[in-house]
Amino acid sequence: MIRKTAALAGLALVLAACAKGPEKTPAELEVLQAVGEQFTRRRNVPPPVQLTRALLDKQSQAYIEVTIENRDAKAYLTRALTRRDSSPGTIEVWRTQDNVSLALRSGMVIATRGLGGGLLSAQVPAADGAAGPARGGARRYTVRAKGNGQARLSMACSLQDLGPATVEIVEVTHPARHLQERCEGSGGVVVNDYWVDSRPGRNQVWQSRQWAGPETGYVRIRQLRL
């Protein structure tokens, strides 16, 4: 219970980092209020200001929305860094003020930190110049075990293109293709879903539902603002 409370507290602080530093603007403060009130709402308190596209369009930073399904916890993360390594795909790290973080490679979850029992690393089938999984095949996860131990999970995955799908994210509609990845192995059965922009040259995962390890379970991710 203590672990869960700490994780939720970290997630609730996600946008506080945006209010620090010289680049703070009234529009950003308005977003902080709109989102922050969702975490402090109590009985008999008027409904909070809603997060709208008009507010998001005024921002200078990128945002994603992350929901941890088994904890019913939602947070808004800002992009901390973007980098490349020797493997295909671009890595993005999204972070809260207290360093709860989520790392993505081409839109696929490859690591979490600060959630307890986190995903230490994942090998994913990324391709340069394309978002989401490029193919099926073997997939390996390294997760936190008891104490400071690690456990490695090997899975075999198949990839299916489920066709065109429209994704609506805070008043904006994106044309997309729904890719579904089904994996089986020592981690059990895992099904990951990705909604990837279908327009030429737009290599963006707008929305996904992905497995982030045995303890964290599934996370839902939406790209609110690039």
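## Basis of the description

Contact here means that heavy atoms lie within 4.5 Å. The model is predicted, so local features need pLDDT of at least 70 and side-chain atom pairs count only at pLDDT 80 or more, while totals for chains, interfaces and linings use all residues. Residues are numbered from 1 along each chain as its sequence is written, and side-chain values use heavy atoms, with hydrogens and water left out.

## Surroundings of Asp-197

Apart from neighbours within four places in sequence, Asp-197 is in contact with Pro-175, Ala-176, Arg-202, Gln-204 and Trp-206. The side chains of Asp-197 and Trp-206 make a polar contact at 2.8 Å (a pair of N or O atoms within 3.5 Å; within protein, one able to donate a hydrogen and the other to accept it, with residues adjacent in sequence counted only if both atoms are side-chain atoms).

Asp-197 belongs to strand β10, residues 188–197 (strands are DSSP runs of E, at least two residues; helices are runs of H or I, at least four; both are numbered from the N terminus). Asp-197 is buried, with a relative accessible area of 6% (buried means under 20%, with a 1.4 Å probe and protein chains only).

## The sheet

The protein has 3 helices and 12 strands. An open sheet with antiparallel pairing is formed by 12 strands in the order β5-β4-β3-β2-β1-β12-β11-β10-β9-β8-β7-β6 (two strands pair if DSSP finds at least two bridges between them). Strands β5 (108–113) and β6 (119–123) stand at the edges with a single partner strand each, so one side of each lacks a neighbour in the sheet.

Strands β7 (residues 137–144) and β8 (residues 150–169) pair in the antiparallel sense over 8 bridges. Arg-144 has Gln-150 in β8 as its bridge partner.

Methods. Buried means under 20% relative accessible area, exposed over 50%, partly exposed in between (1.4 Å probe, protein chains only).
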